[in-house]
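Here are a few exercises to work through with the structure open beside you. Try each task before you read its solution.

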Amino acid sequence: ASEGDALYGIFGRVIAQWDETNKVWDAVYIHSGSEFNSIVQHDGDIFAAFDDNTAYVYGATTSWLQSTIADKDSDPMANLFVVARNQLWKAIHASVDATNEGMYVATDPRNGGSWSSVYKVGTQDTSITGIYTVNDTIAVGKEEGFHLYNRMANDLSGADLFKNITNSFATAPSAVNFSEGVEWRGWLYLRTRFGFWRFNGQVMEELNSLLISPRANQSTALEVVAMAADSHQLWVLLDRRNAISDAWLAVIRDTPLGLTAHYVSYLGALKDTGTESALKFLLMYTVDGLNSYMWVSRGNTVSSNQPPLYRIRFPVAGQSPAYTQDVVAQVGYLESQIWDGGLPDMDKALTDVTLICADLDAEHTVKIEFGKDGDAATTTTIGTTSTTSNVQTFAATDIANYTTVAVGKTFQIRLTLASDDNIPPKVHAVALHFTLRPRRVKLWEATIDLGAPLRNGLPNPTSKTTLLAD
């Protein structure tokens, strides 16, 4: 959450403020025992809720107060926050307090203010998993359904209640249902046990087919675990929960032909060895008014107080995402989709690869590799560039046995960027050139004449019987 020019995040028992000058998260509030679960900005203050029955806190910088409001059903506890129409809403989990489970609203949630009575949402024996704003109203995700706040009834009188808009999840309730969501271009995109969905206030759509693709070179067991949006695209983090080092970053764009999804980066190396918990987005945030940043954080319980370790910069002018100077890793790579040129059954020959690069020298390099026909993208190395020239072309004829190694039906390219300091090499564009190489087919034509006389100008052959008789 952000207040003014300050960015705040929650990490276990800690509220931290981002220091852009020193590239660190400074702890500004530490609770003695409970961990935070939700953080929002409202009316000039930051409000942070816990994952148990601890009273929420609010404030900014290093000045924080704990709520003492106790004149309503819920007392000062809260587990989730969301802001709508300049009002702060809170949710309480059934697992924390089944008696007071539900939604509450306050115009002034500071000490001295008050909260409304409870709005019951769905069944009391299942927890609220997420609360969101969409189409000028409140949406509440629960384990068994997705509920929408109905401000007005059909007769324009105040309805003032939550209604379940789908029964699809009633037979398979799960704490995963609607636990992650982000609004992008008028739609609320949601994670569920059944996969990936979106909702625009009236229509709910399933988007699983958008992310089930062989381009990731993995099985379809990847699941959406977190999302973040900027003005151009929706970023989706997918994770294979039963594999320690399997996580992907995908981008979804809205084109004239509809939604398209592309897997842009493999992030398995960022997961903690020995844990099965997911990475998690924190925020899309503009620091200097020009560049936007996205943080990716570990989500394991062993080091829940550890701030994000990975930050991606989105520069102006629509360039590709670039690593910031405070990036932890000094080697990273990007793998392309598996490409067949629209002719999956015909051989193609890779002729050359052209890169448009910047900030390259002997310590800042880009290596180009590829795999064909299902091989790993690291199977064959085309070359490594470290020259200061912005445009570099690598010919496939420089590869040993290129007539067989560089010929195949499908190809996947991998770029590995390496640096010895905090200044990353940059790749702005990649052009791959291919030519069709269909298999040669040899044909022979044979003519057989039956009967006499022979048509070769020679006399008819003498039979064996005649030869033996003479």
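**Exercise 1: an aromatic pair**

Phenylalanine 11 is buried, at a relative accessible area of 3% (buried is under 20%, exposed over 50% and partly exposed in between, with a 1.4 Å probe and protein chains only). Keep in mind that this is a predicted model: local features need pLDDT of at least 70, side-chain atom pairs count only at pLDDT 80 or more, and totals for chains, interfaces and linings use all residues. Residues are numbered from 1 along each chain as its sequence is written, and side-chain values use heavy atoms, with hydrogens and water left out.

Task: work out what kind of aromatic pair phenylalanine 11 and tryptophan 25 form.

Solution. 
- Start with burial: tryptophan 25 is buried too, with a relative accessible area of 14%.
- Next, the rule: rings of Phe, Tyr and Trp (its six-membered ring) pair if their centres lie within 6.5 Å; planes under 30 degrees apart are stacked, over 60 edge-to-face, and the rest tilted.
- A search of the whole structure turns up 26 aromatic pairs.
- For phenylalanine 11 and tryptophan 25, the geometry is 5.1 Å centre to centre with 70° between the planes, so the pair is edge-to-face.
- Now place the two: phenylalanine 11 sits in strand E2 (residues 6-11) and tryptophan 25 in strand E4 (residues 24-30), so the pair ties together parts 14 residues apart in sequence. (Strands are DSSP runs of E, at least two residues, numbered from the N terminus.)

**Exercise 2: another pair**

Task: classify the pair of phenylalanine 47 and tyrosine 56.

Solution. 
- The ring centres are 6.3 Å apart and the planes 45° apart, which makes this pair tilted.
- Phenylalanine 47 and tyrosine 56 are both buried.
- Elsewhere, ring pairs link Tyr8, Tyr29, Phe36, Phe50 and Trp64 into a cluster.

**Exercise 3: who lines the cavity?**

Task: find which residues lie nearest the centre of the largest cavity.

Solution. 
- The lining has 10 residues, and Ile338, Gly371, Gly374, Asp375 and Gln412 lie nearest the centre (a cavity is a set of points on a 1 Å grid over the protein atoms alone where a 1.4 Å probe fits but cannot get out; lining residues have an atom within 4 Å of a point).
- Strand E30 (364-372) and strand E34 (411-419) each supply at least two lining residues.

Definitions and conventions. 1 Å grid on protein atoms, 1.4 Å probe; cavity = no way out; pocket = protein on both sides within 12 Å on 5 of 7 lines; lining within 4 Å. Helix = DSSP H or I, 4+ residues; strand = E, 2+ residues; numbered from the N terminus.
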